[in-house]
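Thanks, everyone. I have one structure for you today, and I will be quick. Please have it up on your screens.

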Amino acid sequence: MERERTLIIVKPDAVQRGLTGEIIKRFEQRGLRIIGMKFMQVSRELAEKHYDVHRERPFFKALVDYITSSPVVVMALDGTNAVQAARNTIGATRPSESAAGTIRGDFGLEIGRNLVHGSDSPENGQKEVALWFDESELVDWGRVVDPWLYE
Ligand code: DAT
Ligand code: MG
């Protein structure tokens with residue numbers, strides 16, 4: 001089984017609504033391991049790099065405005081199949097279509113206020129963690145519960 005890294009962003013709407021703890025809790029209780037975390041105001045430069053694949057889409061400017069509108073909490077997580085596991089916890093891109101029990105399905109209604117970002121492939125997980133975190137900001141550590149999460 002693959003150990004992967006994924007980048008999670010608790011977006012401005014979630015931070016403003018006081019949902020930061022609730023969202024972190026869901027990844028933590030799933031067993032994903034936090035290896036980096038910070039509270040920050042995102043620059044337009046970083047936002048545009050992060051969303052570079054969407055540069056030509058009509059919603060690109062709104063997306064950059066949204067992610068830079070207020071501070072975010074960024075996390076690097078690792079774990080077995082971390083990318084897919086985190087995306088399942090987050091829910092479908094459109095909150096109106098996200099399953100109940102997912103973060104977007106429990107707290108969101110609109111695609112432009114969908115609360116949280118998660119990397120979409122193991123390659124992008126590695127790339128996005130490297131874009132948002134300096135290697136010195138990542139901590140490799142062990143948890144006493146690891147044998148109860150990993151066979
Ligand atoms: P996800 O965030 O689920 O990985 P994505 O990578 O396809 O979704 O798109 C990034 C963000 O861009 C998404 O969270 C919300 C916004 N977005 C995507 N498609 C959109 C659309 N058709 N209209 C408006 N915003 C959109
Ligand atoms: Mg995406």
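I will take the ligand, then some side-chain contacts, then a few backbone points and distances.

Ground rules. This is a predicted model, in which local features need pLDDT of at least 70, side-chain atom pairs count only at pLDDT 80 or more, and totals for chains, interfaces and linings use all residues. Residues are numbered from 1 along each chain as its sequence is written, chains are lettered from A and ligands numbered from 1 in the order in which they are written, and side-chain values use heavy atoms, with hydrogens and water left out.

Start with the ligand. Where does ligand 1 sit? Ligand 1 is in the largest pocket. Two definitions go with that. A pocket comes from a 1 Å grid over the protein atoms alone; it is an open set of points where a 1.4 Å probe fits, with protein on both sides within 12 Å along at least five of seven lines. A molecule sits in a pocket if more than half of its atoms lie within 2 Å of the grid points.

Now the oxygen atoms of the ligand. Asn 114 has a side-chain N or O atom 2.8 Å from an oxygen of ligand 1. For Arg 87, a polar side-chain atom is 3.0 Å from a ligand oxygen. For Lys 11, the corresponding distance is 3.3 Å. On its own, ligand 1 exposes 520 Å², and the protein buries 76% of that. Those areas are Shrake-Rupley values with a 1.4 Å probe.

Next, contacts within the protein. A polar contact here is a pair of N or O atoms within 3.5 Å; one must be able to donate a hydrogen and the other to accept it, and residues adjacent in sequence count only if both atoms are side-chain atoms. Look at Arg 143, in the loop between helix H7 (122–132) and helix H8 (146–149). Helices are DSSP runs of H or I with at least four residues, strands are E runs of at least two, and both are numbered from the N terminus. Is Arg 143 buried or exposed? Arg 143 is buried, because its relative accessibility is 16%. The cut-offs are under 20% relative accessible area for buried, over 50% for exposed, and partly exposed in between, with a 1.4 Å probe and protein chains only. The side chain of Arg 143 makes a polar contact of 3.0 Å with the side chain of Asp 146. A polar atom of the Arg 143 side chain is also 3.3 Å from the backbone oxygen of Leu 32.

Then Thr 89, in helix H5 (residues 82–90). Thr 89 is buried at 12% relative accessibility. Its side chain joins that of Arg 30 in a polar contact of 3.0 Å.

Two backbone points. Asn 81 is not a glycine, yet it has a positive phi of about 50 degrees. Asn 81 is in the loop between strand S3 (72–80) and H5. At 34% relative accessibility, Asn 81 is partly exposed. Leu 115 is not a glycine either, and its phi is positive, at about 75 degrees. Leu 115 belongs to the loop between helix H6 (103–107) and strand S4 (116–118). With a relative accessible area of 0%, Leu 115 is buried.

Last, some C-alpha distances. Leu 63 is in helix H4 (residues 60–67) and is buried at 14%. Gly 125 is in helix H7 and buried, with 0% relative accessible area. Its C-alpha is 12 Å from that of Ala 85, at 40 residues apart along the chain.

That is my tour. Over to you.

Notes: On a 1 Å grid over the protein atoms alone, a cavity is a set of points where a 1.4 Å probe fits but cannot get out, and a pocket is an open set with protein on both sides within 12 Å along at least five of seven lines; lining residues have an atom within 4 Å of a point.
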